[in-house]
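Please look over the structure below. A short briefing on its helices, sheet and charged pairs follows.

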Amino acid sequence: MSIAPLPMDTGVLITLAAATGSWNVLEALGCPIVVTQTVMDEIRCGPKGSPGADTVLPDCMSVWNEEFEISPWLLGVLDKGEASVIALALAKRWPVVAIDESVGRSVARTARLRLTGSLGILIKVKRKNYPLTIADSIAKIRTAGIWIGADVEQTALKLAGEL
């Protein structure tokens, strides 16, 4: 049985690029990563030098170019990237999505999808001996202007064994 791809939203990819300088960390997950064309367009239209804007796709990542339907309801409550990630996961019956934003996570839960986010991914790869610390990653994320709440930080540090 093959491993289901992990559809990933823009915010997660930007945060991972801020934390590690690339998306190579995704190789350590051991599963294919899929981004929709909408997500890739959102990342690539960011200002030059912004996290992810010029980042090279690792071998484990592909851009989904086949057509799939996005419900008007999803487009009404989410941004296009999040809506496309959830719609693709539902269309392909992939059980997990990677989304950081709270509204997107809530909608994904309502659709009975399991979730991960940027910090969850970093914790998982750290457990697989990828060379990083969550504390340093969070500092880099914040330096890039990405907000992480103190409670989320404390939980991530505990789960990573850094607290």
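Asn-129 comes after helix H6 and has a positive phi, near 70°. Helices (H or I, at least four residues) and strands (E, at least two) are DSSP runs, numbered from the N terminus. This is a predicted model: local features need pLDDT of at least 70, side-chain atom pairs count only at pLDDT 80 or more, and totals for chains, interfaces and linings use all residues. Residues are numbered from 1 along each chain as its sequence is written, and side-chain values use heavy atoms, with hydrogens and water left out.

**Helix H6 and its cover**

- The buried residues of H6 are Ser-118, Leu-119, Ile-121, Leu-122, Ile-123 and Val-125. Buried means under 20% relative accessible area, exposed over 50%, and partly exposed in between (1.4 Å probe, protein chains only).
- Their cover includes helix H1 (10-20), strand S4 (96-98), strand S5 (114-116), H7 and H8.
- Leu-122 belongs to H6. Its relative accessibility is 0%, so Leu-122 counts as buried.
- Beyond its neighbours within four places in sequence, Leu-122 is in contact with Leu-16, Ala-19, Thr-20, Val-25, Leu-132, Ile-134, Ser-137 and Ile-141. Contact means heavy atoms within 4.5 Å.
- Leu-122 and Thr-20 lie 102 residues apart along the chain, and 9.4 Å separates their C-alpha atoms.

**Salt bridges**

- How many salt bridges does the structure hold? There are two. The criterion is a side-chain nitrogen of Lys or Arg within 4 Å of a carboxyl oxygen of Asp or Glu.
- Side chains of opposite charge can pair when their charged atoms come close.
- Glu-162 has 25% relative accessibility, so it counts as partly exposed. Lys-126 is also partly exposed, with a relative accessible area of 22%.
- Glu-153 and Arg-142 form a salt bridge through their side chains (3.0 Å, N to O). This pair too links distant parts of the chain: Glu-153 is in helix H8 and Arg-142 in helix H7 (residues 134-143), eleven residues apart.
- Glu-153 is buried, at a relative accessible area of 18%. Arg-142 is partly exposed, at 34%.

**The sheet**

- Three strands make an open sheet in the order S1-S2-S3, with parallel pairing. Two strands pair if DSSP finds at least two bridges between them.
- Strand S1 (6-7) and S3 are the edge strands, each pairing on one side only.
- H2 packs on this sheet and touches S2 and S3. The direction of H2 makes about 80° with that of S2. Axes are lines fitted to C-alpha atoms, for helices over the stretch in contact, and angles run from 0 to 180 degrees between N-to-C directions.
- Strand S2 (residues 33-36) pairs with strand S3 (residues 61-64) in the parallel sense, over four bridges. Val-35 stands opposite Val-63 in S3.
- A right-handed β-α-β unit is made by S2, helix H2 (residues 37-44) and S3. Right-handed means that, with the strands pointing away from the viewer, the path from the first strand over the helix to the second runs clockwise.
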